[in-house]
Amino acid sequence: MPDRFEQFVADRLDRLLRYATVLTCDPHLAQDIVQDVLVRAQDRWSRIGALAAPEPYVRRMVTNEYLSWRRRRAARTVTLTHGALDEIGTPVADHANAHAERDAMRQRIASLPRKQRAAIVLRYYEDCTDAEIGEALGCTTGTVRSHISRALKALRAAEPSPPVRETL
């Protein structure tokens, strides 16, 4: 019978990897972050596993690792890869349009400052409340709303305007 940590990892590894991939926009960096976090979590599992909800705690560990990753050499550039985040975006009939739309959105999200990107991912990908985001980022709910507001403003400003149709 597997111990509780192994069961936790078996049940939640895919979700943690998806979350980290959305945060980093790089599946390889996401794997590194999740692996580092899980190694640390295993050492502390007697305390973490005793929590009523260990998953939010581990997700916060992933968030903190991502936010501190900028000091490491591997995160000097953000590499966007095709296929890593294909499920993000609005589905459309033409697959080429869908890929172009997702790539453009990934590039806009990747250009956001780290805390704004994390706040957007936690809100719209993980469906967290302001309080949960504030806890994950270590800031107040007002700061969370500010991060999200600024991120959305930047995303809207970076969005290309629709082509103007001339009428005859």
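"Buried" here means that a residue has under 20% relative accessible area. Keep that cut-off in mind for the views below, which show a predicted model.

View 1. The tally of secondary structure is 8 helices and 0 strands. Reading from the N terminus, the order is simply α-α-α-α-α-α-α-α. Of the 168 residues, 38% count as buried. The accessible surface is about 10,500 Å², and carbon and sulfur atoms make up 51% of that. Now take the contacts between residues at least 6 apart in sequence: 64% of them join residues at least 24 apart.

**View 2. How confident is the predictor, and where is its confidence lowest and highest?** Across the protein, the mean pLDDT is 82, with 77% of residues reaching 70 or more. Helix α5, residues 95–110, has the lowest confidence, with a mean of 77. At the other end sits α2, where confidence is highest, at 93.

**View 3. Helix α4 is largely enclosed by the rest of the structure.** This helix covers residues 54–68, which makes 15 residues. From first C-alpha to last it reaches 21 Å, close to the 21 Å expected at 1.5 Å a residue. Why call it largely enclosed? Because 11 of its 15 residues are buried. Among them are Pro54, Val58, Met61, Val62, Tyr66 and Leu67, and the list also includes Glu55, Arg59 and Glu65. The neighbours they pack against are α1 (4–24), α2 (27–43), α3 (45–48), α6 (114–125) and α7 (130–137).

View 4. A search of the whole structure turns up 2 aromatic pairs. Phe5 and Trp45 make an edge-to-face pair, 5.2 Å centre to centre with 70° between the planes. Phe5 sits in helix α1 and Trp45 in helix α3, so this pair ties together parts that are 40 residues apart in sequence. Are these two residues buried or exposed? Phe5 is buried at a relative accessible area of 8%, and Trp45 is buried too, at 10%. Phe8 and Trp45 form a tilted pair: 4.9 Å centre to centre, 45° between the planes. Phe8 belongs to helix α1 and Trp45 to helix α3, so here the parts tied together are 37 residues apart in sequence. Phe8 counts as buried, with 4% relative accessibility. Put together, the ring pairs link Phe5, Phe8 and Trp45 into a cluster.

**View 5. Cys25 and Asp127 both have a positive phi.** Most residues other than glycine have a negative phi, and that is the reason for a closer look here. Cys25 has a phi near 60° and lies in the loop between α1 and α2. For Asp127, phi is again near 60°, and this residue is found in the loop between α6 and α7. Which of them is buried and which is exposed? Cys25 has a relative accessible area of 4%, under the 20% cut-off, so it is buried. Asp127 has 66% relative accessibility, so it counts as exposed.

**View 6. Cysteines, but how many disulfides?** A disulfide is a covalent bond between the sulfur atoms of two cysteines. Here the count comes to 0. Cys25, from the previous view, is buried, whereas Cys139 counts as partly exposed at 22% relative accessibility.

Key. Residues are numbered from 1 along each chain as its sequence is written. This is a predicted model: local features need pLDDT of at least 70, side-chain atom pairs count only at pLDDT 80 or more; totals for chains, interfaces and linings use all residues. Side-chain values use heavy atoms; hydrogens and water are left out. Helices (H or I, at least four residues) and strands (E, at least two) are DSSP runs, numbered from the N terminus. The expected span of a helix is 1.5 Å times one less than its number of residues. Buried means under 20% relative accessible area, exposed over 50%, partly exposed in between (1.4 Å probe, protein chains only). Contact means heavy atoms within 4.5 Å. Accessible areas come from the Shrake-Rupley method with a 1.4 Å probe; for residues, only the protein chains shown count as cover. A disulfide is a pair of cysteine sulfur atoms within 2.5 Å. pLDDT is the predictor's confidence in each residue, from 0 to 100. Rings of Phe, Tyr and Trp (its six-membered ring) pair if their centres lie within 6.5 Å; planes under 30 degrees apart count as stacked, over 60 as edge-to-face and the rest as tilted.
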